[in-house]
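Hello,

Here is the structure we spoke about. My notes on its pockets and its ligand follow below.

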Amino acid sequence: MTALTDLETPALVVDLDRMERNLDLAASYAATHGLALRPHIKTHKSPLLALEQLQRGAVGVTCATPNEAEVMSEVCDDILVMYPPVGERRAARLAGIATRVRLTVALDSEPAAAQLSRAAVAAGARARVLVEVDAGMHRVGVQTPADAVVLGRRIAEMPGLELAGVALYPGHIRGPVAGHAPQLADLAHSIAVVRDAFAGAGLPLSVVSAGSTPTIWETHLITGITEMRPGTYIYNDRTTAEIGACSMDDCALTVLATVVSTSVPGQAVIDAGTKALGREPIRGAAGEGFGCRLDDPAVVVKSMSEEHGILDLSRTAWRPKVGDRVRVVPNHVCIVVHLADVVYGIRDGDVASSWPVAARGRGQPVLADLGR
Ligand SMILES: Cc1ncc(COP(=O)(O)O)c(C=O)c1O
């Protein structure tokens with residue numbers, strides 16, 4: 001048995017009981033409300049964990065990057081890419097995946113659809129397409145139901161593509177959960193209008209895909225959707241806890257760090273800085289710092305250098321010594337996972353498993369392999 005103390009720090013450690021509880025809860029929530037669960041794997045980037053999700057009833061996975069989709073195609077035959085397929089190489093990589101699995105791509109422009117269509121035809125593949133609608137985040141998405149219909153009609157005519165419905169991401173709903181109700185009602189209304197527009201135009205709408213972790217337990221209030229795509233929920237993080245979408249006890253992933261200096265009064269320095277924790281503020285709720293101590297959330301990482309995290313000891317009686325270990329709950333877990341090569345699973349205090357962050361990075365070829 002490997003003990004936690006045997007790990008070199010900084011290291012990502014996942015409490016497997018908590019992670020499995022998070023997975024089970026979301027799976028049973030989706031089943032109870034008749035929603036398909038299609039988790040976004042950008043949080044864990046691991047085919048092993050995707051299998052855990054699929055074994056609990058997930059219909060498939062959601063990805064953002066071609067690399068994520070390629071890695072996931074080893075274990076999953078139904079993949080949604082929620083990212084515009086713009087760029088010849090990106091479209092070609094996606095079309096390659098579509099030759100092996102059922103691939104669906106969300107997009108919001110005719111050039112993106114045309115590029116995917118050309119790539120699919122060249123690869124001898126078919127891709128399903130969802131028209132992405134801007135539900136209020138103002139990141140991507142067509143701006144009106146009429147625009148969704150216009151794009152839907154164009155997609156329906158393009159070779160190699162099959163229009164399957166619409167997608168939206170309620171990333172603008174990220175404040176405290178208690179205040180979500182009016183925004184969720186607005187969203188349900190927008191979805192009803194888009195559904196009517198598609199029906200009126202005779203366009204197919206078998207899929208209405210939405211969902212996030214801040215809204216995870218309220219997804220059933222977004223009436224009219226068919227599938228939910230939470231990602232962060234597998235691990236949760238300090239931000240998710242601060243807004244009340246989970247408790248600190250549901251945070252499964254921590255950064256295990258070592259105190260490397262206590263020379264400066266009022267603080268302790270750990271070996272987890274921006275290159276382990278990212279520089280992610282708490283969004284959607286009040287909260288200082290870049291992470292907090294699992295055992296005492298009043299202790300926050302108040303500032304960082306690349307390899308140094310400065311713990312603020314002003315609100316605690318805890319006085320760590322050089323060499324002590326600390327577990328930090330990060331503000332935004334997805335960024336933290338992307339910064340690591342490997343994750344360790346712990347059960348009953350011991351290291352029980354480990355897995356690589358297999359889909360991190362872009363999977364880009366070196367020059368010699370570019371083929372031009
Ligand atoms: C398009 C899309 N869908 C789903 C998700 C999952 O949301 P969350 O991280 O809140 O679980 C994200 C997150 O970035 C996203 O960008």
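Ligand and pockets

The ligand sits in the largest pocket. Sitting there means that more than half of its atoms lie within 2 Å of the pocket's grid points. A pocket is an open set of points on a 1 Å grid over the protein atoms alone, where a 1.4 Å probe fits, with protein on both sides within 12 Å along at least five of seven lines; lining residues have an atom within 4 Å of a point.

This is a predicted model, with local features needing pLDDT of at least 70 and side-chain atom pairs pLDDT 80 or more, while totals for chains, interfaces and linings use all residues. Residues are numbered from 1 along each chain as its sequence is written, and side-chain values use heavy atoms, without hydrogens and water.

The largest pocket holds about 1300 Å³ of space, counted as the space filled by probe spheres set on the points, which are joined across faces, edges and corners. Its lining has 45 residues, and His40, Lys42, Ala64, Glu68 and Arg139 are the closest to its centre.

Around the ligand there are 13 residues, of which Lys42, Arg139, Thr213, Gly231 and Thr232 come nearest; each has a heavy atom within 4 Å of the ligand. For Arg229, a polar side-chain atom is 3.0 Å from a ligand nitrogen.

The second largest pocket has a volume of about 330 Å³. Among its 15 lining residues, Pro10, Ala11, Leu339, Ala340 and Asp341 are the closest to its centre.

Regards

Note on methods. Polar contact = N/O pair within 3.5 Å; in protein donor to acceptor, adjacent residues only side chain to side chain.
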